[in-house]
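Morning, everyone. Please look at the sequence and the model on the screen.

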Amino acid sequence: VRVSARAVYSKYNIEPASHMDFGIMIKDTKKTQVFILENKGALNFKFFIQQAPKDAPVLHGKRPGHGILLAGGAQGTAVRHQPLLEFFLQAQLTLGMFTVSPCSGSIAPWGQQKITVDCHAEPLGKCEEQLCIDIGGR
């Protein structure tokens, strides 16, 4: 009896790699941008997008681990921590003036998922939020 196996890990790519800037916006307008999460490995993987912890390093051109920085020209507010079950059941995530969808899913080998980020400039001022993208099964 011949037995064989090959150990692999999840490989992924995020485009754009780190910074998504909506620029200056007129109050009460909306802009949409997209980033792509791509599975470059041989196995399915699950992803979960959430607000990065407040003590996470701020991204400046490079991403430590996996994350993306959102910036826009309006004032945002922090969102309270959500219960774990509620997080896994939600289709979108709202952080200040940014709405991200989908915020969880599964990507087949060599597949990709477009992640939409809407920025709705309601209050005046500047807003920055940092997302954390968790790739399951690494």
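First, the ground rules. This is a predicted model, so local features need pLDDT of at least 70 and side-chain atom pairs count only at pLDDT 80 or more, while totals for chains, interfaces and linings use all residues. Residues are numbered from 1 along each chain as its sequence is written, and side-chain values use heavy atoms, with hydrogens and water left out.

Now the core. A nonpolar core is a set of buried Ala, Val, Leu, Ile, Met, Phe, Trp, Tyr and Cys residues joined through side-chain atoms within 4.5 Å. Buried means under 20% relative accessible area, with a 1.4 Å probe and protein chains only. The largest core here has 25 residues. F35, L37, F47 and I49 have the most contacts inside it. Among the elements giving it two or more residues are β3 (29-39) and β4 (45-51). Strands are DSSP runs of E, at least two residues, numbered from the N terminus.

Next, the rings. Ring centres of Phe, Tyr and Trp (its six-membered ring) must lie within 6.5 Å to pair; planes under 30 degrees apart are stacked, over 60 edge-to-face, the rest tilted. The whole structure has one aromatic pair. F22 and F98 form it, tilted, at 5.7 Å centre to centre and 40° between the planes. F22 lies in the loop between β2 and β3 and F98 in strand β7, so the pair ties together parts 76 residues apart in sequence. Both F22 and F98 are buried.

Finally, β7. Strands pair if DSSP finds at least two bridges between them. Three bridges join β7 to β6, antiparallel. Four join β7 to β9, also antiparallel.

Definitions and conventions:
Buried < 20%, exposed > 50% of the residue type's maximum accessible area, 1.4 Å probe, protein only.
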